[in-house]
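Have a look at the model below, and then read my notes beside it.

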Amino acid sequence: MSSDLNNLRPAFNAWVHRLALLTVGWTALVITFGGKTKSQEAGLSIAEPVYYTFHWDWLFVPNLSAEYTHRVLVPILGVFTLLLALHFLFKDPRPGMKKLAVGLIVGLGVQGVFGALTVKYFAKSHTSIPHAVLGQIFLCLVVSAAVLTSKYWLSDRKVTGSPLQPPLFKLCRALVIMVFIQLLLGAAIRHDNRGEVLVAGREMVFIWHLVAHVMGAIGVGFFLTRVIIRINRQHKNIPELYSPTRWLMILLGVQILLGTKAAILKMMTISNADAPPTMRIIAATIHVLIGATMLATAVALMLRARRLVEFDANAQPAAEVTTGTKPAGTVGSAA
Amino acid sequence: MPSLTGLKLFLCAVALPILVGCGSHAQKPARPVGTTPYVSADHKGGVRGVVTWEGAAPPDPAVIDYSKDPKVAGIADKLVLTSESLIVQNAKVKNAVVFLSSGAEKWIYPAATEPVRVEIKHARYEPHAVTVEAGQKLVFENGDDFYHTVLGSPRRVNVEFNEGLHKKGDTATRTFEYAEMGYKVSSDIRKWMNCYVSVFYHPFHTVTKADGSFELKNVPDGEYTLELWHENPDVQLPSPVKVQVKGGIVEQPLALKMKVKL
């Protein structure tokens with residue numbers, strides 16, 4: 001990767017990076033309104049799977065507004081994504097960016113198809129779960145685009161050597177996978193055919209998913225702790241690594257509180273499966289949004305670790321680095 | 001993040017619904033095979049009565065909050081402000097479904113040609129409860145000048161549907177293949193909108209009026225079981241009643257009361 005970057009690294013383009021950041025924010029907005037639609041059980045408030053006519057007044061009708069806003073935001077996201085993808089395909093010399101461009105276009109298209117299928121098949125879990133999860137994967141792709149177009153990524157930044165195993169990148173990758181598994185389990189709890197498993201007396205399915213989701217939260221905490229310890233010990237002077245870990249810690253705490261509240265409210269309001277009360281809608285929607293934010297942050301952290309830290313068997317351990325002595329065998333300019 | 005990893009994760013997501021579990025697939029009730037053609041004009045018998053409310057008065061119906069819906073707020077003076085889940089006036093029960101549950105199997109009934117109509121008026125389904133025969137058309141018509149969706153969510157056996165009615169006069173027509181009690185028709189836009197459709201393989205069914213009265217007409221002579229169904233799960237249904245029709249009208253009152261909660 002280092003030599004590839006050395007030969008093919010483009011100049012930093014502030015507008016491309018800003019477009020990538022805008023796409024990240026817009027994707028988060030789409031996910032938020034999609035999550036709100038599901039929390040309100042309003043996924044079928046527009047009967048047509050594909051609908052092109054604009055009605056400004058629909059934006060103000062409760063339930064209808066969540067789904068309609070979700071659909072209105074998507075074409076705009078499509079424009080941002082297409083612009084990014086075209087730049088990566090034709091202007092960015094890095095081969096990996098062309099693959100990312102294809103991933104963005106395909107991901108958006110498939111997501112649109114699953115959105116239509118979700119409506120066509122009455123928001124059943126076999127379409128709504130892939131639709132929900134693919135949205136999160138798409139968010140990861142646009143976050144990657146933002147990271148890979150950032151100033152520090154394209155700079156002459158020195159790579160820090162670290163003698164510790166496993167490499168920080170692999171620790172962060174494990175964290176990303178764990179957060180993603182948590183998202184899958186959360187989707188299984190949410191997209192349960194409007195509480196059918198509970199109403200139909202199949203409580204054990206719900207309880208199994210809930211227990212697995214709680215175990216997943218413990219898993220995320222475990223991997224996050226390992227990452228934090230490693231970064232605090234070795235890379236505290238790299239803000240691109242240190243700052244996301246603080247955010248992840250805070251978000252994890254908030255997630256646990258919100259998730260507990262959302263689960264309790266869901267169990268208390270089983271009879272209102274079709275029309276959940278407001279507090280449950282708010283708790284569940286914010287829980288989804290923070291989950292997406294955690295995944296995006298973990299992905300950014302993983303990529304930054306890949307860029308900024310390399311395993312170096314000759315590098316000095318952390319204790320010598322903090323005394324100010326230049327470590328022997330520090331990896332030189334590799335970007 | 002490599003696109004291939006994203007693809008692998010996506011494939012995992014598609015496989016996840018297996019863990020969620022498939023929905024229940026209830027047994028579809030078989031249509032009885034009759035032996036004798038039924039001609040309604042040949043039969044003068046019937047069953048009629050009144051469904052009354054017994055015991056403690058039911059709780060006050062929930063008040064519907066329309067204030068956040070700008071479309072509905074414009075017709076606020078025409079709105080029904082409370083839930084229709086249980087309507088009891090002067091101890092008489094409206095919208096209870098009364099039907100013959102056995103005894104009618106031996107007849108071959110002609111297909112019902114007249115459609116049953118439900119109008120969406122002032123953000124309500126009117127009537128709130130209907131009965132139809134299997135294969136009979138049920139027509140939903142938009143009586144409001146704004147967008148409604150008609151969402152059919154079966155309890156067990158009939159097919160789901162979701163139709164958009166954009167303006168006044170738009171209609172959606174459905175038929176139901178299998179007998180089913182309380183097929184719920186609702187709306188994802190306005191959650192208070194509900195209509196319960198009960199489907200039968202014969203014509204001996206009806207819904208009580210505001211005064212609790214019901215009448216099943218043109219019932220052939222014979223012994224039947226008369227039953228009552230109501231949408232509200234907190235209501236105690238009466239036990240099925242045997243009725244004997246012999247060319248005349250049989251008077252059979254029925255009663256509902258609240259379930260005793262332990």
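1. A word on conventions to begin with. This is a predicted model, in which local features need pLDDT of at least 70 and side-chain atom pairs count only at pLDDT 80 or more, while totals for chains, interfaces and linings use all residues. Residues are numbered from 1 along each chain as its sequence is written, chains are lettered from A and ligands numbered from 1 in the order in which they are written, and side-chain values use heavy atoms, with hydrogens and water left out.

2. Chain A has 11 helices and 2 strands; here helices (H or I, at least four residues) and strands (E, at least two) are DSSP runs, numbered from the N terminus. Along the sequence the order is α-α-α-α-α-β-α-α-α-α-α-β-α. Of its 335 residues, 53% are buried, where buried means under 20% relative accessible area, exposed over 50% and partly exposed in between (1.4 Å probe, protein chains only). Among chain A contacts between residues at least 6 apart in sequence, 79% join residues at least 24 apart; a contact means heavy atoms within 4.5 Å.

3. Chain B has 3 helices and 22 strands. Buried residues are 48% of its 262 residues. For contacts in chain B with a separation of 6 or more, 68% come from residues 24 or more positions apart.

4. Back in chain A, how do helix 4 (residues 95-120) and helix 5 cross? Their axes come within 9 Å and cross at roughly 155°; axes are lines fitted to C-alpha atoms, for helices over the stretch in contact, and angles run from 0 to 180 degrees between N-to-C directions. Helix 4 of chain A is therefore roughly antiparallel to helix 5 of chain A (angles under 35 degrees count as roughly parallel, over 145 as roughly antiparallel, 65 to 115 as roughly perpendicular and the rest as oblique). The residues of this contact of helix 4 with helix 5 of chain A are 14 nonpolar, 10 polar and no charged; Ala, Val, Leu, Ile, Met, Phe, Trp, Tyr, Cys and Pro count as nonpolar, Asp, Glu, Lys and Arg as charged, and the others, Gly among them, as polar.

5. Thr127(A) sits in helix 5 (residues 125-148) of chain A. Its relative accessibility is 4%, so Thr127(A) counts as buried. Beyond neighbours within four places in sequence, Thr127(A) touches Phe114(A), Leu117(A), Thr118(A) and Tyr121(A).

6. Helix 9 (residues 239-268) and helix 10 (residues 278-308) of chain A pack at about 155°, with axes 8 Å apart. These two helices of chain A are therefore roughly antiparallel to each other. The residues of the contact of helix 9 with helix 10 of chain A comprise 19 nonpolar, 7 polar and 5 charged.

7. Is helix 6 of chain A largely enclosed or open? Since 17 of its 23 residues are buried, helix 6 of chain A is largely enclosed by the rest of the structure.

8. Please also check some backbone details in chain B. The peptide bond from Glu126(B) to Pro127(B) is cis, with omega near 5°, and Pro127(B) is in the loop between strand 8 (125-126) and strand 9 (129-133) of chain B. Asn95(B), a residue other than glycine, has a positive phi near 65°, and Asn95(B) counts as buried at 7% relative accessibility. Ala123(B) likewise has a positive phi, of about 60°, and lies in the loop between strand 7 (116-120) and strand 8 of chain B.
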